[in-house]
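These are my notebook entries on one protein structure. I looked up its pocket and its charged side chains.

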Amino acid sequence: LNLSRGATVIDVAFQIHTEVGLAMHGAEINGKRVPFSYELHNGDVVSILTGEGKPATDWMRYAKSRSTRSKLRSYFRKKQKE
């Protein structure tokens, strides 16, 4: 994946697919569990853990890419209307 400097595991999940990002409940880097705020380094092996996860509003602080923030805003607006 082609990611910008400072990208986090949240950015990776949403770049793979929006549904992966929305279902993410954790991430592993090089086999070790990491927080959502973890900034990736060149050569990191990322595993996105999915399941019954739901995005939290604090993810907006950790999302570095414009695309990821846009998808999160859209999700929160939709949830607010429900």
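**Entry 1: the largest pocket**

I find about 290 Å³ of space in the largest pocket. A pocket here is an open set of points on a 1 Å grid over the protein atoms alone, where a 1.4 Å probe fits, with protein on both sides within 12 Å along at least five of seven lines. The volume is the space filled by probe spheres set on the points, which are joined across faces, edges and corners.

I note that the model is predicted: local features need pLDDT of at least 70 and side-chain atom pairs pLDDT 80 or more, while totals for chains, interfaces and linings use all residues. Residues are numbered from 1 along each chain as its sequence is written, and side-chain values use heavy atoms, without hydrogens and water.

I list 14 lining residues for the largest pocket, with Leu1, Leu3, Leu40, His41 and Asn42 nearest its centre; a lining residue has an atom within 4 Å of a point. By class, I record six nonpolar, six polar and two charged residues in this lining. Ala, Val, Leu, Ile, Met, Phe, Trp, Tyr, Cys and Pro count as nonpolar, Asp, Glu, Lys and Arg as charged, and the others, Gly among them, as polar.

**Entry 2: salt bridges**

I count three salt bridges in the structure, each requiring a side-chain nitrogen of Lys or Arg within 4 Å of a carboxyl oxygen of Asp or Glu.

- Lys64 pairs with Glu39, their closest N and O atoms lying 4.0 Å apart. The two residues are 25 apart and link distant parts of the chain: Lys64 is in the loop between helix H3 (59–62) and helix H4 (66–81), and Glu39 in the loop between strand E2 (32–34) and strand E3 (46–50). Helices (H or I, at least four residues) and strands (E, at least two) are DSSP runs, numbered from the N terminus.
- Asp58 meets Arg61 at 3.7 Å, N to O. Arg61 is exposed at 58% relative accessibility; exposed means over 50%, buried under 20% and partly exposed in between, with a 1.4 Å probe and protein chains only.
- Glu82 meets Lys79 at 3.3 Å, N to O. Glu82 is exposed at 63%, whereas Lys79 is partly exposed at 41%.

**Entry 3: Asp11**

Asp11 is buried without a salt bridge, and the nearest side chain of opposite charge, Arg69, is 6.4 Å away. I do find the backbone nitrogen of Ser65 at 3.1 Å from a polar atom of the Asp11 side chain.

Conventions. Lys and Arg count as positive and Asp and Glu as negative; His and the chain ends are not counted. A polar contact is a pair of N or O atoms within 3.5 Å; within protein, one must be able to donate a hydrogen and the other to accept it, and residues adjacent in sequence count only if both atoms are side-chain atoms.
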